[in-house]
Amino acid sequence: MTEQTTIPHCPCGNQSPYADCCQRYHQGAIAPNPEALMRSRFSAYVLKLEDYLRTSWHHSTQPAELDLDRSPDWASLRILESSESGDKGRVHFQAIYRLNPGWGFLQEDSEFVREDGRWVYLQGEPQEGILKPGRNDPCPCGSGRKFKACCL
Ligand SMILES: [Zn+2]
Ligand SMILES: [Zn+2]
């Protein structure tokens, strides 16, 4: 990963360029809803933006140490469901990473809260597993193509 401004597709999986997607939140803009915050946090994991992960994490659940050098080789993000009600929100997501060979996933139904007008990540119970994509499933790499026509 070189210049962040040249990333064509945002790491969060949106087809828009990074500059038009998560970058604005990384630069301080307020994420309008829990899903946008979740996407920007996933992008921050990919780009190893430790400060952003901290500031978007509720102070009561924020880990003392965040070792991003040991995080998986993230490939793509799928939002399965998201909702908000007042100052609380939930995002159920699946984050896919590369194994050698194959693919793993981390799935979580995350809770978010809005404090002082800003959504922050509160908590969730992550589940991990091995992803076994079918030939006609969307490719785990996040290209938007079918698996059989991409990384299979
Ligand atoms: Zn994005
Ligand atoms: Zn692929």
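Me: Which protein atoms are the donors of the zinc ion (ligand 1)?
Reply: In this predicted model, they are the SG atoms of Cys-10, Cys-12, Cys-21 and Cys-22, which lie 2.2 to 2.4 Å from the zinc ion. Donors here are N, O and S atoms within 2.8 Å of the metal (3.2 Å for Na, K and Ca), and water is not among the atoms, so sites may look incomplete.

Me: Before I go on, how's the numbering done, and what gets counted?
Reply: Residues run from 1 along each chain as its sequence is written, while chains are lettered from A and ligands numbered from 1 in the order in which they are written. Local features need pLDDT of at least 70, side-chain atom pairs count only at pLDDT 80 or more, totals for chains, interfaces and linings use all residues, and side-chain values use heavy atoms, with hydrogens and water left out.

Me: OK, back to ligand 1. What arrangement do the four donor atoms make?
Reply: Tetrahedral, because they subtend angles of 103 to 116°. The cut-off for four donors is that all angles lie between 85 and 135 degrees.

Me: And what spacing do they follow along the chain?
Reply: C-x1-C-x8-C-C. Cys-12 and Cys-22 both lie in the segment before α1 (23-26), so that pair ties together parts 10 residues apart in sequence. Helices are DSSP runs of H or I with at least four residues, strands are runs of E with at least two, and both are numbered from the N terminus.

Me: Are Cys-12 and Cys-22 buried or exposed?
Reply: Both are buried. That means under 20% relative accessible area; exposed is over 50%, and partly exposed is in between (1.4 Å probe, protein chains only).

Me: Now the other zinc. What are the donors of ligand 2?
Reply: Cys-139, Cys-141, Cys-150 and Cys-151, each through SG, at 2.2 to 2.3 Å. Their spacing is C-x1-C-x8-C-C, and the angles of 105 to 113° make the arrangement tetrahedral.

Me: Where do Cys-139 and Cys-150 lie?
Reply: Each is in the segment after β5 (127-131), so the pair ties together parts 11 residues apart in sequence. Cys-139 is buried at 3% relative accessible area, whereas Cys-150 is partly exposed at 23%.

Me: Switching to salt bridges. How many are there in the whole structure?
Reply: Five. A pair counts if a side-chain nitrogen of Lys or Arg is within 4 Å of a carboxyl oxygen of Asp or Glu.

Me: What does Asp-73 pair with?
Reply: Arg-98, with the closest N and O atoms 3.4 Å apart. Asp-73 is in strand β1 (residues 73-85) and Arg-98 in strand β2, so the bridge ties together parts 25 residues apart in sequence. Asp-73 is partly exposed at 44%, and so is Arg-98 at 36%.

Me: And Arg-114, what's its partner?
Reply: Asp-87, at 3.0 Å between the closest N and O atoms. Arg-114 sits in strand β3 and Asp-87 in the loop between β1 and β2, 27 residues apart.

Me: What about Glu-50 and Arg-54, how far apart are they in helix α3?
Reply: Four residues, which means about one helical turn. Their side chains meet in a salt bridge at 3.4 Å, N to O.

Me: Last one: which element gives the most to the lining of the largest pocket?
Reply: α2, with four residues. The lining divides into 11 nonpolar, three polar and three charged residues.

Terms used
Tetrahedral: all angles 85-135°; square planar, octahedral: opposite > 155°, others 65-115°. Nonpolar A, V, L, I, M, F, W, Y, C, P; charged D, E, K, R; others polar.
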